[in-house]
Structures are given as C-alpha cells and as structure tokens.
Amino acid sequence: MKKLPIGVQDFKELITDYIYIDKTKYLHELITSGKFNFLSRPRRFGKSLTISTLYYLFKGEKDLFKGTYIYDKWEFKEYPVIRINLLDVSTENEQSFKYGLLEIIKEEAKRYGITIENTNYKYAFNELIIKLSQKERVVILVDEYEKPILDNINNKEKAEKYREILRDFYVSIKSKDEYIKFVFMTGITKFTKTGVFSALNNLNDISLNKKYAQMLGYTQEELESNFKEHIKETAIEMKMEEKELLKNLKMYYNGFSFDGENSVYNPFSILRFFNERKFQNYWFESGSPSFLYEYIKGKKIRYEDLVKYPVSELDFSTREIEEANASIFFTQAGYLTFKGKEQYGMEYEYLLDYPNIEVKNSFSKMILEANYELERGKIKEINKTMWRSIKEKDIEGIIKEIKRIISAIPYNLHKKEESYYHSLIYTILASTGLNVTAEELTNLGRSDIVIEEDTIYIMEIKIDKSAEKALNQIKEMKYYEKYKGKEIYIIGININSEKRNIDEYKIEKV
C-alpha cells in the first residue's frame, strides 16, 4: 500500500514513494494551448505540487513521468526554469520585502552559475531572464503570487504599497516576452484589472474555466480508484460499510466547485482522514489564518449575507481583494464555493454556499465567536448538548439550547429581522457539525432550515407572528415531500422581537 503524501509538495519525491493522482492531462492541455497562465485556488489544494510538476516537465526529466498521461505526448526538452515562491519572502516591512525579492532572484541565478549585477529587485529579474535565455527561452513559475497582500488584508495602506512593488516586479514578465517559453502563476485570490497584473494583461486566467475545474483536488472517481486499500482498511477499522464511509466522506470533504457544475474533494482533508481514520476538521483547523477572525469581526459577517446573492465572474476582478465583498473573498479562500450556475444572456451567475460539513462547522464556530461574541468554551458546551439532544430526538432540548445561546448574545447585536434569526439559528446548528442546510430548495419553495441526519428536522422561522403560521407554511408548501420514507419532524418557530428570542414553537411528526 503506497504512502499518503501528507505535506509532500515535491513531484520527484511524491511520484517515487507515495500515492499520486495523475493530473498531467490538464498540464498537457495547458502547456500546449497557451503561454501565460494564472490559476487561483484555496490553500492546501495542490498549487505547489502543480508548480513542482511543471518544473520537472520543463527540466526534461522524462523518466519521472513514466505511467502518466503526458509521458508519450511531450517533448521533454530541458528549459531554464525560474521558480519564485513568495512564501519565502519576509513581509515585515517594505525594505525587507524588496530585499527578499532580490534574494530569490540571486538564488535562482546561482542555481545556473549566473551572477546578478543589479541590486534593484525589478532590474535583477530582467537581468536573470535575459541571461538565462541565451541557451533556451525561459519558463517562469510563481507560487503564492499575492501572499504579501493577503498578509496585510486588514491593513489597506500596507497592502497597497506591496501591490505596487509586486506590480513593478511582475511587469518584467510581459516586457521580456521574447525571452519566455511559458509562464504559470498561482495564488489564492484572483487579480483585478487595475491591481498587480494591470501591466500583465496577457495572462490567461483559468480559475473559472470549466476545462480546468478538476485540475486540483480529487474527483469522486480519483478517490475511489486511487485509495481503494485505504477505503477498505478504514471502513473495517471504523466498523462501517464502504458505501457508508464513502457517503460520509462526500458530505464532510467534497463539495468544492470552481465552475458551478463539477466538484472535488479537498486533498489535505482526505489524506489526513485516511491517516487519522476519524472525521475531523483537518483543512480548516490546519491553518485558518488569524486575520480571518478579525476579518469576520470587522465586517460583522453572517451567513445570510454571504449566500443571499449570486455572484458573477466580473465580481472576482472588479475590486482589490481587501475591498471586495466578503462573499468574494471567502469564495476564493475556499470557505464558500459555487453550488450552482445560472445563465442570463451572455453572463453566468453562481450560487454560493459552504462546500461541506467540515467548512460549515468550523466557519460557523468562528462566526459565533467573532460576530456574536460567544466564548469558545460556551460554543463547545453548546455543541455537546445539541448532539445529545439530536441523538435522543429531544427537539424541545434543541429549542431550549438555541434559546439559551440567543439570550447570551449582547442585546445591541440583535436585529429585528427574520433573516437575522434565520442566519443565527442556522449558524448555531451548523457549528455543532450537524448536516444542516438553509433555504433548502424543494419543487414548491424553500424551507428555512433542514437538519438531515438519520431523522429529518424541518424548521420554519417567523418573527412577531406565530409558531402555528410557521408550521402551516411547511405543510402548505410540502417541504417534507423530498424526504419521504424517512422519519420527519416539522417545527414552527416564532421569534418575539421585543424579547429578542424564541417565544413559541410547535412540533409535529409527519
């Protein structure tokens, strides 16, 4: 059984000893159809491995690719390759940032026995490209292109200064076109027409291109064919049928979509799951940056605001990331994803939601902590009580717990809006790790909240009306029809806006 490549980002090491999911078909398409390319994907999604794979392709190391799609389809000629990874650059201040860029260029030059005379980071880059191209045209691979900007997303002035430096640095790529064979750049966020790449307007952005939607991440087919032994052993250890294990894996870790049609698993979560053999929040907890908490708190983020409106491709490139709507930032960072696509004339719009239970659960906890000022210990306590109530089908216990949480939120944060309470109650339930959906689409309308475990719980929430009215809406619209054959409870809830809490609820079994 091949080893799990947790944290392995070097293609040469990975292809020798670890499970490798062959993505070279996409790379062949990329390198034979264009020269300047850009791809944005969330962190820990295989961007660095893709850069590494391209590096060995252009170094001509054919033997490494034996058994892959590209092996007999590429020339495997050696080109000089410049690799730039902005994770290596200090962003403490402007001076150290510029020095870091210069050092990267000098290190790349040293690998080829070249001395760089220029001491300015921009001109040093120009010099390196020209000198390397004397034998063959140059390949340029850039990883985490915008990291210095993301490091300062809550500091607009500093972010803009670093953007100017990067704009100045990357312009060399366009101005030295005649010396360049191929360019591939990656990062978490897309660029804007006026930002870092304003001078590099010849980049082909494949981030939302359907052809490359599954280039990073694992498809269902790739999971089942490449992890057969791991699936079998894990199912035995967890005392589950393989079918049940696969169903749970899909709910917890699949759901990332970059075209609104096809979805993939987060690779990091899958690898960690098979290593630990238990359902946990691996990707989110592994490196959700500290700025995320501050970002949510500063913008008073709530679930309703993130998913209320569809977004278009233009929304991703009209504003700089620190000025973009929260939903745009969170989609690019991987906390939201495309859950559907609609076409209006020549334009597409994408529906947004959390990709899966892992992200939904962790993100909801963070919203409760940052936006509703609930302590982490209290959230943990709530989660335990909620799970017990769900297992015991104690709906009154669930309602009681929701009331207790709402009463703990400072009164000045409450809003006299149905949407506010929809969002809050959904976030409370999602923070427990339950399979909960909001505004669940049925053929007759949309139910407010659905908890889909062994038993189905459908909730309708009203403000200053009555629980009876809420319950009747579920019946009239037959929100429960799609769950026929399962045990179903319908719950009508009324919020009293003066008391700022639930004052009435009704429960019926369908």
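Colleague: What share of the 510 residues in the protein is buried?

Modeller: Buried residues make up 57% of them, where buried means under 20% relative accessible area with a 1.4 Å probe, counting protein chains only. This is a predicted model, in which local features need pLDDT of at least 70 and side-chain atom pairs count only at pLDDT 80 or more, while totals for chains, interfaces and linings use all residues. Residues are numbered from 1 along each chain as its sequence is written, and side-chain values use heavy atoms, leaving out hydrogens and water.

Colleague: How many helices and strands does the protein have?

Modeller: There are 20 helices and 15 strands. Both are DSSP runs numbered from the N terminus: helices are H or I with at least four residues, strands E with at least two.

Colleague: What makes strand β3 mostly covered?

Modeller: In β3, residues 138-143, six of six residues are buried. V138, I140 and V142 lie on one side and V139, L141 and D143 on the other, and both faces are covered.

Colleague: How do you know that β2 and β3 pair, and in which sense?

Modeller: Two strands pair if DSSP finds at least two bridges between them. Five bridges join β2 (residues 81-85) to β3, so by that definition they pair, and they run parallel. The bridge partner of I84 is V142 in β3. Strand β4 (residues 180-187) is also joined to β3 by five bridges, again in parallel, with F184 of β4 as the partner of L141.

Colleague: What makes β8 and β9 edge strands?

Modeller: Three strands form an open sheet in the order β8-β10-β9, with antiparallel pairing. β8 (311-312) and β9 (337-344) each pair on one side only. Between β8 and β10 (residues 347-353) there are two bridges, and the pairing definition asks for at least two. S312 stands opposite E349 in β10.

Colleague: What share of the contacts joins residues at least 24 apart?

Modeller: Contact means heavy atoms within 4.5 Å. Among contacts between residues at least 6 apart in sequence, the share is 67%.

Technical notes: Buried means under 20% relative accessible area, exposed over 50%, partly exposed in between (1.4 Å probe, protein chains only).
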